[in-house]
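Colleague: I have a model open and want to learn to read its features. Can we start with the strands?

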Amino acid sequence: MITALYLAHLNPVTNAHVEIITELKKQADIVKVMPVVFKDGKREINSKSFPFNFESRKKMLKAIFGDSIKITDDYAFQAPFKKYLPPLVRRKSWKLRKQILDGVEGDYFSYTGDKAEGYMLKMYRLRPKIGERKSLSATSVKEKLYDAALGKKSSWKKDVPEIIIKIIEDEWETVEKFANEEDQTTRIVGMKFPKEGYSK
C-alpha cells in the first residue's frame, strides 16, 4: 500500500493541480490531498493569498475526483504561527507532521514541484518526490480572478477545469471581497502565513 501526500495551497484548484493529482493516482494506491489551512481556534483565516476556505477547495477537488482521492484538513496551522518556527526545533512543527501522516499506513511519499519546499519535506522525513514545476500557478490564476472582479480583461476561465468555473462563480463574492484588499500575508522560511495570526 503506497500513499501519495500532496500538500498544497490549491487556492483555487487549477488545471495544473488536476494534472499533478491525476499523475499521483497512477503512482500510488491512495492519494491524500491536503489543502493548507490557517486557523485561529476554530475560525479559518482567509486573506488575499488564501481567499477560498477549506470547504470550498474540498468542493472543487470532489467535483473533479469524487471519492477517488482522500481530502483532509490535516495540513493545518494554528495561530500564533510563529510557534512553528524555526521548524526543526518547534514541538508544533512535529505535531503538524503527525497530523499530516494521520491515517497513513504502509509506504508513503510526498509530492512537490518546489525544490525549497522539497528540502523542508525532507527535513520532516516526509520522503519528498520533487516533480517538474508547472508553468501555471494558483497565484497567477488568483491575480486573473481579481482582475476580472475589478472589471479588467481576464482569461482565468482557461486555467481551471470547467466544473470549477461554476464553483468559483457561485462564490464570486469571495473574489470581490479580496480583490481590493491589501495582501495580509508574510513570507517566513519560504512559506506564506497570514499576518494577523503570525504576529500574535
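Colleague: Which residue in β4 is the bridge partner of D40?

Modeller: First, the ground rules. This is a predicted model, where local features need pLDDT of at least 70 and side-chain atom pairs count only at pLDDT 80 or more, while totals for chains, interfaces and linings use all residues. Residues are numbered from 1 along each chain as its sequence is written, and side-chain values use heavy atoms, with hydrogens and water left out. Now the general idea: strands of a sheet pair through backbone hydrogen bonds, either parallel or antiparallel. Two strands pair if DSSP finds at least two bridges between them. Strands are DSSP runs of E, at least two residues; helices are runs of H or I, at least four; both are numbered from the N terminus. Here, D40 bridges to R43 in β4. β3 and β4 run antiparallel, with 2 bridges.

Colleague: How many residues lie between the strands of the β3 and β4 hairpin?

Modeller: The hairpin has 2 residues between its strands. G41 takes a positive phi there, near 70 degrees. β3 (residues 37–40) also pairs with β6 (residues 76–78), in the parallel sense, over 3 bridges. In that pairing V37 stands opposite A76.

Colleague: What is the strand order in the open sheet of 5 strands?

Modeller: The order is β5-β2-β1-β7-β8, with parallel pairing. β5 (70–71) and β8 (128–130) are the edge strands, each pairing on one side only. β1 and β7 share 5 bridges. A4 faces F109 in β7 across that pairing.

Colleague: Which residues is S49 in contact with, leaving aside neighbours within four places in sequence?

Modeller: Contact means heavy atoms within 4.5 Å. The partners of S49 are N11, K142, D183, T185 and K192. A polar contact is a pair of N or O atoms within 3.5 Å; within protein, one must be able to donate a hydrogen and the other to accept it, and residues adjacent in sequence count only if both atoms are side-chain atoms. The side chains of S49 and T185 make one, at 3.4 Å.
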